[in-house]
Amino acid sequence: MILALAGMGLVLAQNFKLEANGKTITEGETVVVSGLVDNDEIFSLALYMKLTNTSSEKMTVSILLDTVHKPIGTGVQICGFGLCRDGIFLPDQEMEPGEVRGEDHVFDALDIAYIPKENFDTAVIGCTVNDVTAGKSLRFDIKFIPTDTPVANESNKELAGVSVYPNPGNGLFNLNVPVQAKVDIFSAAGQFVRQMQVQAGTTPMQLENAGIYFVKVSAANGQTAVKRVVVR
């Protein structure tokens, strides 16, 4: 996934700092998230962020998405503070002085995921992070640009019969595969989490922290399948 930051703006006097890939997001800028998407496997694009309470006091924050420019039939999901919602907001959440949520803490995800349609629609999603304590806010746009994967239509590359359930879930999942396979698990930001070997049938799979994960199953014959898993 390629993430680029564009635009200039003034940072308001919030009690927080919002970053993506180590760069501070400023008021009114546009963050571009582009990458490969395969709708057959419900791939999504995600902006993975880090939110820091920079004040010396406890603060309350909320996040609101503006999806007016989202194509009909596409999906948006926001995760943070142990919550994953298909709606357009995260309700008021408290943060201790100096507390960090997100990017540097892989299992404490703060991300916004976009699930396009088969025609890989580009979408602009507005995001406002509200500093409820100080009565300030930071607004920026996220431009999601999905592209098709080179192997999306090559049926001989697809490993059929792979499923993960329940999904979404609270951390304990059942992974069902038709053959012996290697399983690689990645975070929403593409960071490697762990690898495991499984036999044909159903294997318990534990993901302890809230967030979005991708589970890649690879068979010995070269066929693969990737499943998107949400831990609430």
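Predicted model: local features only at pLDDT ≥ 70, side-chain atom pairs only at ≥ 80, totals over all residues.
**View 1. The protein has 20 strands and zero helices.** Helices (H or I, at least four residues) and strands (E, at least two) are DSSP runs, numbered from the N terminus. Of the 232 residues, 47% are buried; buried means under 20% relative accessible area, exposed over 50%, and partly exposed in between (1.4 Å probe, protein chains only). Contact means heavy atoms within 4.5 Å. Among contacts between residues at least 6 apart in sequence, 66% join residues at least 24 apart.

View 2. P168 has its place in the loop between β14 and β15. For comparison, most peptide bonds are trans.

**View 3. Four strands form an open sheet in the order β17-β16-β19-β20.** Its pairing is antiparallel, where two strands pair if DSSP finds at least two bridges between them. At the edges are β17 (192-198) and β20 (224-231), each pairing on one side only. Neighbouring strands are turned by 20° against each other on average, direction ignored; axes are lines fitted to C-alpha atoms, for helices over the stretch in contact, and angles run from 0 to 180 degrees between N-to-C directions. Zoom in on β16 (residues 181-187) and β19 (residues 211-219), and you will find seven bridges in the antiparallel sense. For D184, the bridge partner in β19 is K216.

**View 4. V179 sits in the loop between β15 (172-177) and β16.** V179 counts as partly exposed because its relative accessibility is 33%. Leaving aside neighbours within four places in sequence, V179 is in contact with L159, V198, Q199, A200 and A219. The C-alpha atoms of V179 and L159 are separated by 9.3 Å, with the two residues 20 apart along the chain.

**View 5. The largest nonpolar core has 32 residues.** A nonpolar core is a set of buried Ala, Val, Leu, Ile, Met, Phe, Trp, Tyr and Cys residues joined through side-chain atoms within 4.5 Å. L18, L51, I112 and F140 have the most contacts inside this core. Beyond four places in sequence, the contacts of I112 include L45, L65, V76, C127 and F144. Apart from this core lies another, of 20 residues, among them L159, V162, A181 and A219.

**View 6. T60 has its place in strand β6 (residues 59-66).** T60 is buried because its relative accessible area is 18%. Neighbours within four places in sequence aside, T60 is in contact with D92, Q93, E94, N130, D131, V132 and T133.

**View 7. The charged end of R85 sits over the ring of F89.** The distance to the ring centre is 4.3 Å. A charge sits over a ring if NZ of Lys or CZ of Arg is within 6 Å of the ring centre and within 35 degrees of the ring normal.

Definitions and conventions. Residues numbered from 1 in each chain as written. Heavy atoms only, no water.
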